[in-house]
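My entries follow in the order I made them.

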Amino acid sequence: MAGRGQGRGRDGRVAAVGAAVCLAVLAPVALAGCVDGDRADAAPGDVRRLLERRAEAVLERDARAYRATGGPRAGYDNLRDVPLKSWTYRLKDFDRDGTRATATADLDYRVAGYDRAPLTAERSLSLQRRDGRWYVTAEGPAEKAAEQLWDQGRVDAVRGTHSLVLGVGRERADLRRYAELADRAVPAVRDAWRAPWPGKVVVLVPKSLDGMADLLGAPASGYQGIAAVTTGEAGGSGKAPADRIVINPEAYGVLGELGKQVVLTHETTHVATRAVTSRATPLWLSEGFADWVGYRGTDRAPEQAAPELRRAVLEGRLPATLPEDDDFGFSGDAGGLARAYEGAWLACRMIAEDRGEGKLREFYESVGRHGRRAGAVEGALRDVLGTTEEEFTARWRQYLRDELM
């Protein structure tokens with residue numbers, strides 16, 4: 001999803017932050033196509049100043065100034081309810097053909113009160129020159145870039161105590177319900193995960209599964225049956241500016257009340273643990289831990305919460321190993337995906353029951369600190385839990401028998 005990057009310094013930046021707007025010195029932009037003599041060198045600078053005015057209009061909520069930069073007006077109306085701290089265009093490519101041009105720009109933006117650094121979305125702009133001035137005629141995601149929520153329609157915002165819910169095509173009552181669930185998720189995660197984190201979440205609710213997929217820049221078929229996902233910078237740099245919890249309203253809508261709460265608590269756990277989740281962290285640990293937090297404090301027994309894995313165990317198909325990363329892929333094998341999540345949850349539940357919740361948290365952090373996958377789990381098993389991978393796997397397999405048979 002767009003928003004994984006951060007601003008990369010001042011070169012190439014047309015910045016609008018709060019009420020202040022500043023035009024920085026920009027790197028040269030290559031021109032292509034037909035240009036008209038002495039206006040050739042001035043065109044990129046004119047467009048940069050146009051984008052500066054457009055950014056200022058967005059931040060100042062100035063519809064007239066926005067219209068003066070070109071259309072369509074829907075682009076302004078759609079994001080008017082989004083609380084923005086900054087909005088910056090950085091011109092990357094400019095290709096002119098007479099009085100028309102296309103441009104690619106990085107849009108850096110921050111949601112006020114939630115984003116620690118700008119999220120980046122690559123944008124494509126169509127431009128036209130009239131009466132000696134450039135105007136935007138269209139703006140949208142660049143080729144192969146993911147959509148932003150406001151590309152899908154007018155965004156409504158509902159603020160909770162610990163959450164901001166942004167939705168398109170949803171009743172405000174529905175968005176308030178998401179905020180209530182998210183507001184319950186944050187304290188639950190705080191209680192389970194004691195490390196510092198911002199303690200607030202942004203939830204995106206598109207109109208449909210297709211809308212979810214467009215926000216993630218992936219085919220909808222890969223997310224069918226997936227109630228929600230969390231975006232962000234994986235890899236454990238600790239510098240991800242923000243995560244977004246993206247809802248699949250079709251799959252989420254069929255869940256019961258407990259299921260909806262577990263899903264949002266699970267995704268909120270990913271937000272909280274992002275800074276210590278690294279390339280060394282296997283998915284069985286990150287997903288299992290998130291499910292452990294989601295089910296923590298509920299009365300869901302393993303036979304209720306792990307039906308697919310229970311069926312496999314009863315049929316004599318006890319897993320030989322902990323789930324591999326590939327087992328968590330959205331491949332269309334719903335049963336296999338469910339068994340991977342269920343097995344991961346039970347592995348983390350086992351650690352918490354056998355060694356205590358503090359040891360589970362310590363194990364998670366120890367794996368993430370390792371920096372690379374090779375040896376991370378083995379080292380944490382030895383140093384934190386005092387066991388080996390073989391012993392741990394054997395204990396887990398016995399735990400599955402005890403809990404699911």
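**Entry: α11 and α14.** I started with α11 (residues 334–355) and α14 (residues 389–404), whose axes come within 10 Å and cross at roughly 100 degrees. Axes here are lines fitted to C-alpha atoms, for helices over the stretch in contact, and angles run from 0 to 180 degrees between N-to-C directions. Helices are DSSP runs (H or I, at least four residues), numbered from the N terminus. The two helices are therefore roughly perpendicular. I use that term for 65 to 115 degrees; under 35 is roughly parallel, over 145 roughly antiparallel, and the rest oblique. On α11 the contact uses G343, L346, A347, R349, M350, I351, E353 and D354; on α14 it uses F392, R395, W396, Y399, L400, E403 and L404. Contact means heavy atoms within 4.5 Å. I sorted these residues into nine nonpolar, one polar and five charged. Ala, Val, Leu, Ile, Met, Phe, Trp, Tyr, Cys and Pro count as nonpolar, Asp, Glu, Lys and Arg as charged, and the others, Gly among them, as polar.

**Entry: ground rules.** This is a predicted model: local features need pLDDT of at least 70, side-chain atom pairs count only at pLDDT 80 or more, and totals for chains, interfaces and linings use all residues. Residues are numbered from 1 along each chain as its sequence is written, and side-chain values use heavy atoms, with hydrogens and water left out.

**Entry: α4 and α7.** I next took α4 (residues 172–192) and α7 (residues 257–273). Their axes come within 8 Å and cross at roughly 55 degrees. That makes α4 oblique to α7. The crossing is right-handed. A crossing is left-handed if the near helix is turned anticlockwise from the far one by less than a right angle, and right-handed if clockwise. Among the contact residues I noted R177, Y178 and L181 of α4, and E257, K260 and Q261 of α7. The contact divides into nine nonpolar, four polar and four charged residues.

**Entry: α8 and α12.** How do the axes of α8 (residues 283–295) and α12 (residues 357–369) cross? They cross at roughly 150 degrees and come within 11 Å. That makes α8 roughly antiparallel to α12. This crossing is left-handed. From α8 I listed W284, L285, S286, F289 and W292; from α12, E357, L360, R361, F363, Y364 and V367. The contact has eight nonpolar, one polar and two charged residues.

**Entry: cavities.** I found two cavities of 30 Å³ or more. A cavity is a set of points on a 1 Å grid over the protein atoms alone where a 1.4 Å probe fits but cannot get out; lining residues have an atom within 4 Å of a point.

**Entry: backbone.** I logged a cis peptide bond between G71 and P72, with omega about -5 degrees. P72 sits in the loop between α2 (63–68) and α3 (73–78). R61 has a positive phi, near 55 degrees, and is not a glycine. R61 is in the loop between α1 (42–60) and α2. Most residues other than glycine have a negative phi, and most peptide bonds are trans.

Definitions and conventions:
On a 1 Å grid over the protein atoms alone, a cavity is a set of points where a 1.4 Å probe fits but cannot get out, and a pocket is an open set with protein on both sides within 12 Å along at least five of seven lines; lining residues have an atom within 4 Å of a point. Grid points are joined across faces, edges and corners, and a volume is the space filled by probe spheres set on the points.
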